[in-house]
Amino acid sequence: METTTVKFYSLNYNDVKTYWAALLFIVGNILFPQLFHLMPQGGIIWLPIYFFTLIGAYKYGWKVGLLTAILSPIINSLFFGMPAPAVLPAILLKSILLAIRRKMQKNWMPWAAQGFGRISIPVLIGVVLIYQAVGTLGEWIYNGNFYSAIQDFRIGIPGMCLQVLGGYTFIKYLIRK
């Protein structure tokens, strides 16, 4: 499996670059879901709200990821009604888990820490599966409905693949510097 070295950043909240990067990824997380919501059940199949959160957190650090993870779903819900307010807590949970995974990976995912400074498909698969699994457990605890909680694993596999393959391609080829 190919691994590519890329430059990663850990931007801080006192750095204006953090807010510019987060703004770009938030805009991406607003526009990208609109595209997928043009097709029936596009949002729940393709999980587009997580795409730029993954890229922002992976490339620019958990602080950019956290801003993107919190603001994207809330703005989308307020302006477009998607995600619906009833599912917003579950989406926020998964988005936040995805955003802070780089901060957690040294303790939770030592195999991913070995790839720190590198991007590879196996690492991205691990990241996506872990945030989805933990998020699904949290969603199940929150809403008490297992069938509803595993929706991303029942319907959203194409979206998880998009996050892994699209995220890899985006980070590797489009934002190398």
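## Burial and overall layout

A residue counts as buried when its relative accessible area is under 20%. By that cut-off, 50% of the chain's 177 residues are buried. The model is a predicted one.

The chain has ten helices and two strands. In sequence order they run β-α-α-α-α-α-α-β-α-α-α-α. Take the contacts in the chain with a separation of 6 or more: 72% of them come from residues 24 or more positions apart.

## Aromatic pairs

How many aromatic pairs does the structure hold? There are 13. One of them joins Phe-51 and Phe-52. Their ring centres are 5.0 Å apart, with 90° between the planes, and the pair is edge-to-face. Both residues are shielded. Phe-51 has 5% relative accessibility and Phe-52 has 12%, so each falls under the 20% limit and is buried.

Phe-51 also pairs with Phe-170. Here the centres lie 6.2 Å apart and the planes meet at 85°. That angle is over 60 degrees, so this pair is edge-to-face as well. What does the pair tie together? Phe-51 belongs to helix α3, residues 51-60, while Phe-170 belongs to helix α10, residues 157-174. The pair therefore links parts that are 119 residues apart in sequence.

## A charge over a ring

Arg-154 places its charged end over the ring of Tyr-147. The distance to the ring centre is 3.7 Å.

## Helix α10

Helix α10 has 18 residues. From first C-alpha to last it reaches 24 Å, close to the expected 26 Å. Which of its residues are buried? They are Gly-159, Met-160, Gln-163, Val-164, Gly-166, Gly-167, Tyr-168, Ile-171 and Lys-172. An α-helix has 3.6 residues a turn, so residues three or four places apart point the same way.

## Where α7 meets α10

Two packed helices are described by the angle and the distance between their axes. Helix α7 covers residues 121-143, and its axis comes within 9 Å of the α10 axis. The axes cross at roughly 145°. The crossing is right-handed.

Which residues make the contact? From α7 come Ile-121, Leu-124, Ile-125, Val-128, Tyr-131 and Gln-132. They meet Met-160, Gln-163, Val-164, Leu-165, Gly-167 and Tyr-168 in α10. Among these α10 residues, Met-160, Gln-163, Val-164, Gly-167 and Tyr-168 are buried.

Notes: Residues numbered from 1 in each chain as written. Predicted model: local features only at pLDDT ≥ 70, side-chain atom pairs only at ≥ 80, totals over all residues. Heavy atoms only, no water. Phe/Tyr/Trp six-rings, centres within 6.5 Å; stacked < 30°, edge-to-face > 60°. Buried < 20%, exposed > 50% of the residue type's maximum accessible area, 1.4 Å probe, protein only. Helix = DSSP H or I, 4+ residues; strand = E, 2+ residues; numbered from the N terminus. Lys NZ or Arg CZ within 6 Å of the ring centre and 35° of its normal. Expected span 1.5 Å × (residues − 1). Axes fitted to C-alpha atoms, helices over the stretch in contact; angles between N-to-C directions. Left-handed = near helix turned anticlockwise from the far one by under 90°. Contact = heavy atoms within 4.5 Å.
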